[in-house]
Amino acid sequence: MSAHVPDRRQPGCKKLAWFEPSDGTRVLVLAWTCDCLAMVYELCQAGGQGFIRRTLQNEDAPEIRETHRWPLAQAREIWAALLTGMTR
Ligand SMILES: [Zn+2]
């Protein structure tokens with residue numbers, strides 16, 4: 001069963017900054033959330049760093065955004081926080 005980002009944010013939920021996706025680098029997707037929701041999140045690795053990518057599944061054109069890149073261990077922590085409503 002795939003993970004779901006909770007509906008509710010926890011108190012003190014940190015806001016992530018989201019940017020236009022950078023292209024070029026090869027990305028390895030390590031984990032992802034269930035696609036039953038319009039917004040799908042992926043934990044990605046590129047060149048030893050980690051980041052989170054989100055895709056809003058529009059009918060015509062999906063809207064893709066990415067976070068900053070972090071050391072992989074930190075990206076995994078932020079991924080865990082995302083899945084528990086501690087960051088978004
Ligand atoms: Zn689902």
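Biologist: What share of the contacts in the protein chain with a separation of 6 or more comes from residues 24 or more positions apart?
Modeller: A contact means heavy atoms within 4.5 Å. Here, residues 24 or more positions apart account for 53% of the contacts with a separation of 6 or more. Bear in mind that this is a predicted model, in which local features need pLDDT of at least 70, side-chain atom pairs count only at pLDDT 80 or more, and totals for chains, interfaces and linings use all residues. Residues are numbered from 1 along each chain as its sequence is written, and side-chain values use heavy atoms, with hydrogens and water left out.

Biologist: How many helices and strands are there in the protein chain?
Modeller: Both are DSSP runs numbered from the N terminus: helices are H or I with at least four residues, strands are E with at least two. The protein chain has one helix and five strands, in the order β-β-β-β-β-α along the sequence. Its radius of gyration is 13 Å, close to the 12 Å that the globule rule gives for 88 residues, so the chain is as compact as a globular protein of that length. That radius is taken over C-alpha atoms, and the rule is 2.2 Å times the number of residues to the power 0.38.

Biologist: How much of the protein chain counts as buried?
Modeller: Buried means under 20% relative accessible area, exposed means over 50%, and partly exposed lies in between, with a 1.4 Å probe and protein chains only. Of the 88 residues, 33% are buried.

Biologist: Which protein donors does the zinc ion have?
Modeller: Donors are N, O and S atoms within 2.8 Å of the metal (3.2 Å for Na, K and Ca); water is not among the atoms, so sites may look incomplete. For this zinc ion the protein donors are H4 (NE2), C34 (SG) and C36 (SG), 1.9 to 2.2 Å away. Their spacing in sequence is H-x29-C-x1-C.

Biologist: Are C34 and C36 buried or exposed?
Modeller: C34 is buried, at 18% relative accessible area, whereas C36 is exposed, at 55%.

Biologist: Where does T33 lie?
Modeller: T33 sits in the loop between strand 1 (28-32) and strand 2 (39-46). With a relative accessibility of 4%, T33 is buried. Leaving aside residues up to four places away in sequence, T33 touches several others, including S2, V5, Y41, W79 and L83.

Biologist: How far apart are T33 and G48 in space?
Modeller: Sequence distance and spatial distance are read separately. T33 and G48 are 15 residues apart in sequence, and their C-alpha atoms are 22 Å apart in space.
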